[in-house]
Amino acid sequence: MNLAAGKYWDVSWNPIQGCTPVSEGCHNCWARAVVNRFHGVDFARVGFHPTRLAKPYTLRTSRVIFACDLTDWCHPEVRPSRVDAMLRVMLETPQHRYLLLTKRPERMSAQLYEPSADAPRRLLQPGQVVPNLALGITAENHARLLERWSVFAAPAALRWLSLEPLLGPIDGELARHMLGSFDWVVVGAESLGGRPGRVCQLEWIEDLVERCNLVETPVFVKQAHQGGLVRVPIIRGRQRLALPKFFTDGGEQ
Ligand code: SF4
């Protein structure tokens, strides 16, 4: 984990790879850029790589593992049997903490629990929580947050929110209620290979930090536009690098 660089995870793990856009936040998709540049395959084809499932078993010490950061695990082409294959690894490696994010939370319960043609007997019982797995949604502005928050129903050891890239303010009456419902919030301005991307006003981030403080939700500010792109910027006098207890303790909070 390199907090000074805004990196709140140790290792990425991608048994599934590929995705298609779902909203304006996808316009400069980081995963697409990485896959196009380094993997030489069509990002729009959602593929499964079973040989990569073994990676967490090979890590000797406890790590925070960002799972599926080269896909959206709730994409309709990600088969439930493949989700189960990942969940099995997570359950068998309780020494690690896993992070998952989606822009399609309306599919989350089905991906976790519902029987399907390829997975008639699911690994998890409905509502079962994987103790070392954080489930989160990602949104780029207030409207997308409202849309996704309202259908984010699955229970989790840690329910988190990533607002990266932040493309508009998170404000209004419901903001307090929404932010207060998460166990952890990460926010960041858009980065295009280390350069600033689309506009993210510093006051949107400052306001968000204040709102999170009011509802006592830990907040991690990954990066901001302050002239150039600044990792872990100073926000109202100090860096904001709050990590929830899940990162050290694991288990349900
Ligand atoms: S949902 Fe995520 S991985 Fe998929 S295209 Fe959008 S930003 Fe990229």
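User: Which residues in helix α5 are buried?
Analyst: This is a predicted model. In helix α5, residues 142-149, the buried ones are R144, L145 and R148.

User: And where do those sit when you look down the axis of α5?
Analyst: They fall within an arc of 100°, so the buried residues line one face of the helix. In general, an α-helix has 3.6 residues a turn, so residues three or four places apart point the same way.

User: What covers that buried part of α5?
Analyst: The cover includes strand β6 (133-138) and helix α6.

User: OK, α6. How does α6 pass α7, left-handed or right-handed?
Analyst: The crossing is right-handed. The two helices are α6, residues 173-180, and α7, residues 202-214, and their axes come within 9 Å and cross at roughly 65°.

User: Which residues meet there?
Analyst: From α6 you have A175, R176 and L179, and they meet R211, C212 and L214 of α7. Sorted by class, that contact has four nonpolar residues, two charged ones and no polar ones.

User: Staying on α7, is L208 buried or exposed?
Analyst: L208, which is found in helix α7, is buried, because 23 other C-beta atoms lie within 10 Å, and the cut-off for buried is 20 or more.

User: What does L208 touch?
Analyst: Not counting residues up to four places away in sequence, L208 touches L163, I170 and V187. As for E190, it is 18 residues from L208 in sequence, with 16 Å between the two C-alpha atoms.

User: New topic: which residues are around the ligand?
Analyst: C19, P21, V22, G25, C26, C29, A31, R32, T71, D72 and K103. By class, that shell divides into six nonpolar, two polar and three charged residues.

User: Let's take G25 from that list. Where does it lie?
Analyst: G25 lies in the loop between β2 (16-17) and α1 (30-39).

User: Buried or exposed, for G25?
Analyst: G25 counts as buried, because it has 22 C-beta neighbours inside 10 Å.

User: Which residues is G25 in contact with?
Analyst: Leaving aside neighbours within four places in sequence, they are K103, E140, R144, P165 and L167. K103 is also one of the residues around the ligand, and R144 is among the buried residues of α5.

User: How many residues apart in sequence are G25 and E190?
Analyst: They are 165 residues apart in sequence, yet 9.3 Å apart in space, C-alpha to C-alpha.

User: P165 was in that contact list too. What's the peptide bond from E164 to P165 like, cis or trans?
Analyst: The bond is cis, with omega near 0°. P165 itself is in the loop between β7 (158-163) and α6.

User: What does W73 touch?
Analyst: Not counting residues up to four places away in sequence, W73 touches I16, C68, V78, V83, L100, T102 and Q111. There's also Q17, 56 residues from W73 in sequence and 8.8 Å from it in space, C-alpha to C-alpha.

User: Last one: where is Y98, and what does it touch?
Analyst: Y98 is in strand β5, residues 97-102. Residues up to four places away in sequence aside, Y98 touches I65, A67, M90, N132, L133 and A134. Y98 counts as buried, because it has 25 C-beta neighbours inside 10 Å.

Notes. Residues are numbered from 1 along each chain as its sequence is written. This is a predicted model: local features need pLDDT of at least 70, side-chain atom pairs count only at pLDDT 80 or more; totals for chains, interfaces and linings use all residues. Axes are lines fitted to C-alpha atoms, for helices over the stretch in contact, and angles run from 0 to 180 degrees between N-to-C directions. Helices (H or I, at least four residues) and strands (E, at least two) are DSSP runs, numbered from the N terminus. A crossing is left-handed if the near helix is turned anticlockwise from the far one by less than a right angle, and right-handed if clockwise. Two residues are in contact if their C-beta atoms, placed from the backbone, lie within 7 Å. Ala, Val, Leu, Ile, Met, Phe, Trp, Tyr, Cys and Pro count as nonpolar, Asp, Glu, Lys and Arg as charged, and the others, Gly among them, as polar. A residue is buried if 20 or more other C-beta atoms lie within 10 Å of its own, exposed if 12 or fewer, and partly exposed in between; C-beta atoms are placed from the backbone. A residue is near a molecule or strand if its C-beta atom, placed from the backbone, lies within 6 Å of it. The arc is that of the directions from the helix axis to the C-beta atoms.
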